[in-house]
Amino acid sequence: MGLLNLSSSKNRHARQWRLLDIVTAAFFAAVLLFFLLVFTPLGDSLAASGRQTLLRSDPRHRGRLVALVELGRQAVAIDACPADMVAHMPCEDPKINSQLSREMNFYRERHCPLPTETPLCLIPPPEGYRVSVQWPESLHKIWHDNMPYNKIADRKGHQGWMKKEGPYFIFPGGGTMFPDGAVQYIEKLKQYIPIASGNLRTALDMGCGVASFGGYMLAEGIVTLSFAPRDSHKAQIQFALERGVPAFVAMLGTLRLPFPGFSFDLVHCSRCLIPFTAYNATYFLEVDRLLRPGGYLVISGPPVQWPKQDKEWADLQAVARSLCYELIVVDGNTVIWKKPNGDSCLPNQNEFGIELCDESDDPSFAWYIKLKKCASRASSVKGEYAVGSIPKWPERLTAAPARASVIKNGLDVFEADKRRWIRRVAYYKNSLNIKLGTPSIRNVMDMNAFFGGFAAAIISDPVWVMNVVPARKPSTLDVIFDRGLIGVYHDWCEPFSTYPRTYDLIHIDAIESLIKDPVSGKNRCNMVDLMVEIDRILRPEGKVVIRDSPDVIDKVYRISHAIRWTASIHDKEPESHGKERILVATKSLWKLPSSSH
């Protein structure tokens, strides 16, 4: 019995010691976890991630946060997003889009989440981020750490795209079809196209890579809007924008590109690999919709005289003939066509079954409009807009385009708008200290551009302007292109198709109108989400200028504190009528705590 009792006692003490060990281990684990959460970046990341999960899973919590921010409650702020969101693009999210259909590249087009499913947080810069290299030096080099993606440099360095040198990415100016540099390539095109004549001003570069073609066309007086999807090249458009070259993210898939009809004087594809003749030549017909009569189409690379692509090359020539494009030259792997004036070529017998679009089709309707398997009617647009018929650059900037008549008394409104913005920009520079005309501002966006008056008034400054015409407002984007400026349609209740940290200056006239339904007058989305989106696409230390009524400006001012902006409110210029006020804000350069560890 004694032996039995002794054994039982030992077992009891052993169990007690094991329990004590477990308690002690749990205590030290809790201490370690506390240390990790409080004193390391893991805690901030987990906390931000947890808050975002809560915001997405409980729309009521998100709604309460939005309401508190709009009221300007002290100590209510928008959190930083987790570090893995430094390149987040809500409508081009690979995690979501990769699950969609690949037919006609549907999965690479815009697919926006519902507002309640969009993270309500501020996108952080990558670790090591610094203020961007200024223009024009940025055309040739940018900071590596601002977008530390080596994939393109590793794969395309031998073709002159880009390479890493010390703390920089260097851009020699080459491309797949012009490894010796864009300058030599452009000189070759000049043999066949009147690039320097002033007749050509707006160009579209499809599948642009890092946009060296567009960057070097600027020296020729041609502003090129470059686009490419968010694809295996990781961040080609982000590189283009960091260089200070006009660009945005887009895909030629199932929808019309967000531009009006007959806008571009030149359309360029250098190994863009767009299957122009597929789907009954639907993609070629979209290019035709965008190309101004008398404009030029340049395709370099496959299938032009390309090995094992004889049929594709023959089909491409057949489509061009069916639309009566004039063949200018086939030079090696480059073909150049000139688009004819008028609709006289169609209808005709062609193997693709191409016919003119119905007279009810408006070629300038292009916001979430399906691609059409018909040729847009040039006669559907009134007035002169063909290359050679409109004034040469720079005269076309100030001449009232015929398409301004889309607005009642449009020509008079155009002239008044032109004078108004000259006066306003002078006030911005002289009284509000907006550093337009200095190297600190290169990439500019006008979120409510109307006729492009703001962009026209700063044309002599070393900037380019993305003129955005809201999709629910009068369709004045064609006027902007007729003036020799560039832009896109967009609905500001959705995120914009660009990477974070894109623009140095964002200008908004009548910001509240961007979220209101023009018929009912009710808000379609909220101001907080819009300003968080503005913050996403604004560069650190970038400026925002917002004009609106005093009540709206007060509301925007309250929200600006919650997104870490430094803001001030100013009176409008003395010569202006109405009760507007102006908010000028600066986005601070803040970083996640990980950057200090």
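Colleague: How many cavities of 30 Å³ or more does the structure hold?
Modeller: The structure holds three of them. This is a predicted model, where local features need pLDDT of at least 70 and side-chain atom pairs count only at pLDDT 80 or more, while totals for chains, interfaces and linings use all residues. Residues are numbered from 1 along each chain as its sequence is written, and side-chain values use heavy atoms, with hydrogens and water left out.

Colleague: What makes a space a cavity?
Modeller: On a 1 Å grid over the protein atoms alone, a cavity is a set of points where a 1.4 Å probe fits but cannot get out. Grid points are joined across faces, edges and corners, and the volume is the space filled by probe spheres set on the points.

Colleague: Which residues lie nearest the centre of the largest cavity?
Modeller: They are Arg110, Ala250, Arg256, Pro258 and Trp367, out of 20 lining residues; a lining residue has an atom within 4 Å of a point. Strand β13 gives the most to this lining, with three residues (strands are DSSP runs of E, at least two residues, and helices runs of H or I, at least four, numbered from the N terminus).

Colleague: Why is Ile459 called partly exposed?
Modeller: Because its relative accessible area is 36%, and buried means under 20%, exposed over 50%, and partly exposed in between, with a 1.4 Å probe and protein chains only. Arg564, at 33%, is therefore partly exposed too.

Colleague: How do you know that Asp205 has no salt bridge?
Modeller: A salt bridge is a side-chain nitrogen of Lys or Arg within 4 Å of a carboxyl oxygen of Asp or Glu. For buried Asp205, the nearest side chain of opposite charge, Arg243, is 9.4 Å away. Lys and Arg count as positive and Asp and Glu as negative, while His and the chain ends are not counted.

Colleague: What does the side chain of Asp205 make a polar contact with?
Modeller: With the side chain of His268, at 2.8 Å. A polar contact is a pair of N or O atoms within 3.5 Å; within protein, one must be able to donate a hydrogen and the other to accept it, and residues adjacent in sequence count only if both atoms are side-chain atoms.

Colleague: What about the backbone of Arg564?
Modeller: Arg564 has a positive phi of about 70° although it is not a glycine. Most residues other than glycine have a negative phi.

Terms used: 1 Å grid on protein atoms, 1.4 Å probe; cavity = no way out; pocket = protein on both sides within 12 Å on 5 of 7 lines; lining within 4 Å.
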